[in-house]
Amino acid sequence: SPAELRTADVGGCTVSIVNGIAEGPGQAVLLATKLHVPAVRRQLVHRTTLLGAISAAGSRKLTLVSAPAGWGKTTLLAQWVLDTEEDHEFGWLSLDTSDNDPVWFWMYVIAALQTVSPGVGHRASELLAMGADPVQVVLPILLNDLDTVTTPIVLVLDDYHLVMSRAVQEQMTLLLSRMPVNLRLVVATRADPHLPLGRLRAAGDLIEMRTDDLR
């Protein structure tokens, strides 16, 4: 069957992706609107208790907002990002099924981080585009970059349930286990992700919001 061809441009590096493998120069760019915080209508109720609970998570590694469709997960997080007075920088990524490709996924994660810290991830994205191993090469370089950032960063991953790739889940587990203290992940999903939630919960590194909270 014909090869699946895609291209991406991250950190100044343009690449063709053939069947998920980086194979040289291309012309396409990442979709910028996936990195935009969704607009929030002014007439929505300001959910003070929930917003306060998210803010109170402080230095915990992962905030998980898990509930079925229609429970206001995205709206709640958008309200928090747009209205918070915390001393954080916020990166936002709206995921879709194309992000099951690990190369594509990490290109977008790096792009989201670069919206708040432009110097992060340039070398990691170049190596990713050249086909470097995400676990052995790309993520260690990205984590080292993040460790040098002085401003706390919150990365919001919306619609995480659409990413079912086992490789991506394993790589995210590595990120959670080794990420620096200045990085915090917030995940909105319709189903619990295949991440080490039990271990994070036991270590006090997880805050959870579910249907009972959103109700």
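Where is Ser-117 found? We will come to this residue in the second view, after a look at the whole chain.

**View 1. The whole chain in a predicted model.** Welcome to this structure, which is a predicted model. The protein chain has eight helices and eight strands. Of its 215 residues, 47% are buried.

**View 2. Ser-117 in its loop.** Here is the reply to the opening question: Ser-117 sits in the loop between helix H3 (102-114) and helix H4 (122-129). Setting aside neighbours within four places in sequence, you will find Ser-117 in contact with Val-149 and Ile-153.

**View 3. The largest nonpolar core.** In soluble globular proteins, nonpolar side chains tend to be buried together. In this model, the largest nonpolar core has 45 residues, and Leu-113 and Met-172 are the ones with the most contacts inside it. At least two residues of this core come from each of strand E4 (62-66), H3, H4, helix H5 (134-147), strand E6 (153-158), helix H6 (166-178), strand E7 (183-189) and helix H7 (197-202). H3 gives the largest share, 11 residues. Take a moment with Leu-113: beyond its neighbours within four places in sequence, Leu-113 is in contact with Val-120, Leu-142, Leu-146, Ile-153, Leu-155 and Leu-183. A second, separate core has 18 residues, including Leu-51, Leu-76, Trp-80 and Val-81.

**View 4. Helices H1 and H2 crossing.** Two packed helices are described by the angle between their axes and the distance between the axes. For helix H1 (residues 48-55) and helix H2 (residues 73-83), the axes come within 10 Å and cross at roughly 70°. That angle lies in the range 65 to 115, so H1 and H2 are roughly perpendicular to each other. Their crossing is right-handed. On the H1 side, the contact is made by Leu-50, Leu-51, Ile-54 and Ser-55, while H2 brings Leu-76, Leu-77, Gln-79 and Trp-80. Sorted by type, the residues of this contact are six nonpolar, two polar and no charged.

**View 5. Gln-169 in helix H6.** Is Gln-169 buried or exposed? Gln-169 lies in helix H6, and its relative accessible area of 5% makes it buried. Not counting residues up to four places away in sequence, Gln-169 touches Tyr-160, Val-163, Met-164, Pro-193, His-194 and Leu-195.

**View 6. Asp-159 and its phi angle.** Most residues other than glycine have a negative phi. Asp-159 has a positive phi, near 60°, although this residue is not a glycine. You can find Asp-159 in the loop between E6 and H6. Its relative accessible area is 25%, so Asp-159 counts as partly exposed.

**View 7. Gly-204 and Lys-61.** How many residues apart in sequence are Gly-204 and Lys-61? They are 143 residues apart in sequence, yet 8.9 Å apart in space, C-alpha to C-alpha. Gly-204 belongs to the loop between H7 and strand E8 (206-209). At 37% relative accessibility, Gly-204 is partly exposed.

How values were computed:
Residues are numbered from 1 along each chain as its sequence is written. This is a predicted model: local features need pLDDT of at least 70, side-chain atom pairs count only at pLDDT 80 or more; totals for chains, interfaces and linings use all residues. Side-chain values use heavy atoms; hydrogens and water are left out. Axes are lines fitted to C-alpha atoms, for helices over the stretch in contact, and angles run from 0 to 180 degrees between N-to-C directions. Helices (H or I, at least four residues) and strands (E, at least two) are DSSP runs, numbered from the N terminus. Angles under 35 degrees count as roughly parallel, over 145 as roughly antiparallel, 65 to 115 as roughly perpendicular and the rest as oblique. A crossing is left-handed if the near helix is turned anticlockwise from the far one by less than a right angle, and right-handed if clockwise. Contact means heavy atoms within 4.5 Å. Ala, Val, Leu, Ile, Met, Phe, Trp, Tyr, Cys and Pro count as nonpolar, Asp, Glu, Lys and Arg as charged, and the others, Gly among them, as polar. A nonpolar core is a set of buried Ala, Val, Leu, Ile, Met, Phe, Trp, Tyr and Cys residues joined through side-chain atoms within 4.5 Å. Buried means under 20% relative accessible area, exposed over 50%, partly exposed in between (1.4 Å probe, protein chains only).
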